[in-house]
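Subject: Handover of a structure

Hello,

I am passing this structure on to you. Please open it first, then read my notes below.

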Amino acid sequence: MNYKELVKQFNRLLARQSLFLCSLIIRLLPRWCLYSFANFIGTLAYYIAASQRKIALESLKKAFGDELSFPKRVKIAKDSFINIAKSGVEMLFVLESPHLCHDMVTIEGKKHLDEALSKGQGVIAVSAHFGNFPLALTRLKQEGYGVSVILRRMRDDKVEDFLESRRQRVGVSSVYSTPRNACVENSLKALKNNEILFIQLDQNFGTAGIFVNFFGAQAATATGPVVFALRSEATIVPIFVVRNPDDTHRIIIETPLEVEKKDTQEETLQVNTQRITSIIESYIRKYPQEWGWIHRRWKSQK
């Protein structure tokens, strides 16, 4: 085993043990202490995780350019780190006591979701790594909806098993993005069962994606939501979760997005993936502290 592999294994072990330790601390802390703990963890991470801090500040510069001064970009980056920590603490806390989620999260626009599901073809909920996404999944499941989410399997199997056991506890089904054939099959099965299939469409998708405009620059993006909508006739519904000043949350369900069919499938995928991406961008512009700026969204280039 070479040096780089040793470092990678050590970092995974450190991350795993940190997760398990945080989970233990959260079970022991009184509820009123949780956000102070999260603020401490998030602030510490901002100053310790130099490479992630650099990515966040570079991403903010690329997205906003001269629209935001450097101090404002620093403020957003710090708040983003803190919100990630808050979301992690809340996730661990709620997955241990799911009933507490009901009072923490309100739902706006529920009628849009119900109308879409009344067609019986399922709903493709498009969103982003934005706000406390796992909390939104848990809350919608509590409303009686069938909920599945497409996600990547964690590199650390023990961490994946830990998180998957808790998703199962609250009734959220995992659809793993690989292998691809199984992902497609399980996604279409969820839609056939008239469930909500969540897809977060804000990650760099490399050469397998198409390039659309995101904050004025081309970003490689998956076409999954549009492909699934064409194959299953499911309705695309944008759904986001936003943190309130008092650390409660709002799930915002937008009006359904009708797929615009063009002369070719390539054009159809391009136009509709751009429409979805533009909606995601509009939410990030409105609530920039809610997005995970530590991801290299524009890494792939044409």
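**Contacts and overall build**

In the protein chain, 76% of the contacts between residues at least 6 apart in sequence join residues at least 24 apart. A contact means heavy atoms within 4.5 Å.

Some ground rules first. This is a predicted model, in which local features need pLDDT of at least 70, side-chain atom pairs count only at pLDDT 80 or more, and totals for chains, interfaces and linings use all residues. Residues are numbered from 1 along each chain as its sequence is written, and side-chain values use heavy atoms, with hydrogens and water left out.

The protein chain has eleven helices and nine strands. Helices (H or I, at least four residues) and strands (E, at least two) are DSSP runs, numbered from the N terminus.

How does the radius of gyration compare with that of a compact globule? The protein chain has 19 Å, and a compact globule of 302 residues would have a value near 19 Å, so the two agree. The radius is taken over C-alpha atoms, and the globule rule is 2.2 Å times the number of residues to the power 0.38. The C-alpha trace spans about 50 × 45 × 45 Å along its principal axes.

Of the 302 residues, 48% count as buried. Buried means under 20% relative accessible area, exposed over 50%, and partly exposed in between (1.4 Å probe, protein chains only). The accessible surface of the protein chain is about 15500 Å², and 54% of that belongs to carbon and sulfur atoms. These areas come from the Shrake-Rupley method with a 1.4 Å probe; for residues, only the protein chains shown count as cover.

The charges come next. There are 42 positive and 31 negative side chains, and the centres of the two sets lie 6 Å apart. Lys and Arg count as positive, Asp and Glu as negative; His and the chain ends are not counted. Each charge is placed at NZ of Lys, CZ of Arg, CG of Asp or CD of Glu.

Start with strand 2 (residues 123–127). Five of its five residues are buried.

Strand 2 pairs with strand 5 in the parallel sense over five bridges. Two strands pair if DSSP finds at least two bridges between them. Here Ser-127 stands opposite Gln-200 in strand 5.

Strand 2 also pairs with strand 8, again in the parallel sense, over four bridges. Ile-124 stands opposite Ile-236, and Val-126 stands opposite Pro-238.

Why is strand 8 largely enclosed by the rest of the structure? Nine of its nine residues are buried. Thr-235, Val-237, Ile-239, Val-241 and Arg-243 point one way. Ile-236, Pro-238, Phe-240 and Val-242 point the other way.

Strand 8 pairs with strand 9 (residues 249–253) in the antiparallel sense over five bridges. Phe-240 has Ile-252 as its bridge partner in strand 9. The hairpin of strand 8 and strand 9 has five residues between the strands, and Asp-247 in this hairpin takes a positive phi near 70 degrees.

**Strands 6 and 7**

Strand 6 (residues 210–214) and strand 7 (residues 217–221) run antiparallel, joined by five bridges. Val-212 has Ala-219 as its bridge partner. Their hairpin has two residues between the strands, and Phe-215 takes a positive phi near 55 degrees there.

Gly-209 is in the loop between strand 5 and strand 6. Gly-209 is buried, at 14% relative accessible area. The C-alpha atoms of Gly-209 and Asp-263 are separated by 20 Å, and the two are 54 residues apart along the chain.

**Backbone details in the loops**

The peptide bond from Thr-178 to Pro-179 is cis, with omega near -5 degrees. Pro-179 lies in the loop between strand 4 (173–176) and helix 9 (180–192).

Asn-194 has a positive phi of about 60 degrees, although it is not a glycine. Asn-194 sits in the loop between helix 9 and strand 5 (196–200). Is Asn-194 buried, exposed or partly exposed? At 28% relative accessibility, Asn-194 counts as partly exposed.

Glu-233 is not a glycine either, and its phi is positive, near 65 degrees. Glu-233 is in the loop between helix 10 (224–232) and strand 8 (235–243). Glu-233 is exposed, with a relative accessible area of 62%.

**A residue in helix 8**

Glu-164 is in helix 8 (residues 157–170). Glu-164 counts as buried, at 15% relative accessibility. Leaving out residues up to four places away in sequence, Glu-164 touches Ser-174 and Tyr-176.

Best wishes
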